[in-house]
Amino acid sequence: MAAIHAARQGARVAIVEQKDWGGTCLNVGCIPTKALIQSAEVLKAVRGAAEFGVRVGEPAVDWPSMQARKDRVVSGLRLGVQSLLKANGVELVSGRGRLRPGAVVGVDGRDLGATSVLLAPGSLAARPPFPGADLALDSDGVLTIERLPRTLCVIGGGVVGMEFASCFDLLGVKVVVVEMLDQLLAPLDPDMARRFQQLMTRRGIEFHLSARVEKVERAGGAYRVSLEGRRLEADLVLVTTGRRPATDGIGLEESGVERDRAAIKVDEHMRTSAANVYAIGDATAISMLAHTASYQGEVAVGNALGSKSISADYRAVPACIYTDPEIAYVGVSEAQARASGQEVKVGTFPFTALGRALVLGETAGMVKVVADREGYLLGVSIVGPRATDLIAEATLALSQGLTAAELAHTVHAHPTLPEALFEAALDVDGQAVHVAPKKQTLK
Ligand SMILES: Cc1cc2nc3c(=O)[nH]c(=O)nc-3n(C[C@H](O)[C@H](O)[C@H](O)COP(=O)(O)OP(=O)(O)OC[C@H]3O[C@@H](n4cnc5c(N)ncnc54)[C@H](O)[C@@H]3O)c2cc1C
């Protein structure tokens, strides 16, 4: 994104990649996981077909074909990225880059000198320090398994862990999740996290919260995961306890680029401590999302090539979680707003009361809108059907500084899922239409 952006602004651009064009997101992150999740959702739809009056035979999981489809989606996009870069006149350099003092990048004996260098080396799956952690697969490894396990233990109840947990559960795998904190998916609104956990528990996923893994061992053909005072057995163990910026051995120290632990330190203009060197994406550990990386790329390129300074603003960055049901949030949660001492007004709306959700047969979940005293939006969180699409409207409203009333005075098409956001925004002032009034004043 940054390379194409810079090329479109007239710069001569080279991009260096050591492995697969498209990085984590395209090759082992956003895209392959969502392709597998889509297969699981098709299975769910076929299983539930009778409810809609459609009779089909018992569906079967063809895991190798699901994997093959996922690989086709990824390889198609990977080729697409390369042709897009070339079409924009960007020079593609394959090899491992190393920064040298004075905004020079060395790649396999060749020196690329530039006016500005943009560092975007991304991140790698981190492994916790307990014994046997290397027996577990990480998110890269689990994307290439040849057979589905009967039982899966997921260590880490964050976004990556919960997306795999939900997907494998839909595919018929018995899933157990172990999380060190007392809630899943932090910093999601605790109410929404609890509601989501209840839905997952009802579906058969087993959770161990506030639980620390002591060790993982082989046990016959399977694995034994020891927690304090409890042992779990599983055919496969997946560790999803976070990612670490991939910033070692790329010449940062000798070039004067400072780090905070592994993360490259940047200011709001995406500038590092070295002149004309910028950094973006997971390597800065600011948010570890693909769209944040793209946005930071736009800011960095604007500052490197433009005449006026642009600052990154993270107040309206949506976070999307592709579980079933989906989850999405933007801005601050009710708990975060209250913890910062703010007086807040909250509106909610359940999907059970929404026509479109009933039509789709997807009524689990709700929308929660948080506003300040004057009604200005502070945050929105959604658990429910197509939450990852619905959050776009909330993001626009928040980024434009709208009030809940302004959102609610926008005409929403009927019957649609965004009406849930509209109703939750109305509920901020107790005006939601399709639920009983909060306070009845009978005369
Ligand atoms: C399983 C999983 C699911 C995810 N799902 C989502 C999602 O749904 N939505 C979302 O927003 N985010 C998702 N993410 C996060 C997202 O993938 C990252 O935030 C995003 O890829 C970060 O982009 P980046 O450009 O900073 O780094 P990366 O995408 O990691 O790219 C860095 C690239 O730099 C290369 N590189 C590193 N060092 C060098 C060097 N010295 N020389 C040359 N090349 C080098 C690497 O090979 C890599 O290709 C997911 C991540 C994972 C692991």
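## About the model

Residues are numbered from 1 along each chain as its sequence is written. Because the model is predicted, local features need pLDDT of at least 70 and side-chain atom pairs count only at pLDDT 80 or more, while totals for chains, interfaces and linings use all residues.

## Two packed helices

Two packed helices are described by the angle between their axes and the distance between the axes. Here, helix 3 (residues 30-47) packs on helix 4 (residues 63-87) at about 140°, with the axes 9 Å apart. Axes are lines fitted to C-alpha atoms, for helices over the stretch in contact, and angles run from 0 to 180 degrees between N-to-C directions. Helices (H or I, at least four residues) and strands (E, at least two) are DSSP runs, numbered from the N terminus.

Which residues meet? Helix 3 brings Ile31, Pro32, Ala35, Leu36 and Ser39, and helix 4 brings residues including Met66, Val73 and Leu77. Contact means that C-beta atoms, placed from the backbone, lie within 7 Å.

## Around the ligand

The ligand has 29 residues around it, and Gly23, Thr24, Gly29, Gly122 and Gly281 come nearest. A residue counts as near if its C-beta atom, placed from the backbone, lies within 6 Å. Elements giving two or more residues to this shell are strand 1 (14-17), helix 2 (23-28), helix 3 and helix 8 (290-305).

Strands in the order 11-12-13 form an open sheet with antiparallel pairing; strands pair if DSSP finds at least two bridges between them. Strand 11 (213-219) and strand 13 (230-234) are at the edges with a single partner strand each, so one side of each lacks a neighbour in the sheet. Six bridges join strand 11 to strand 12 (residues 222-227), and Val216 stands opposite Val225 in strand 12.

Terms used: Two residues are in contact if their C-beta atoms, placed from the backbone, lie within 7 Å.
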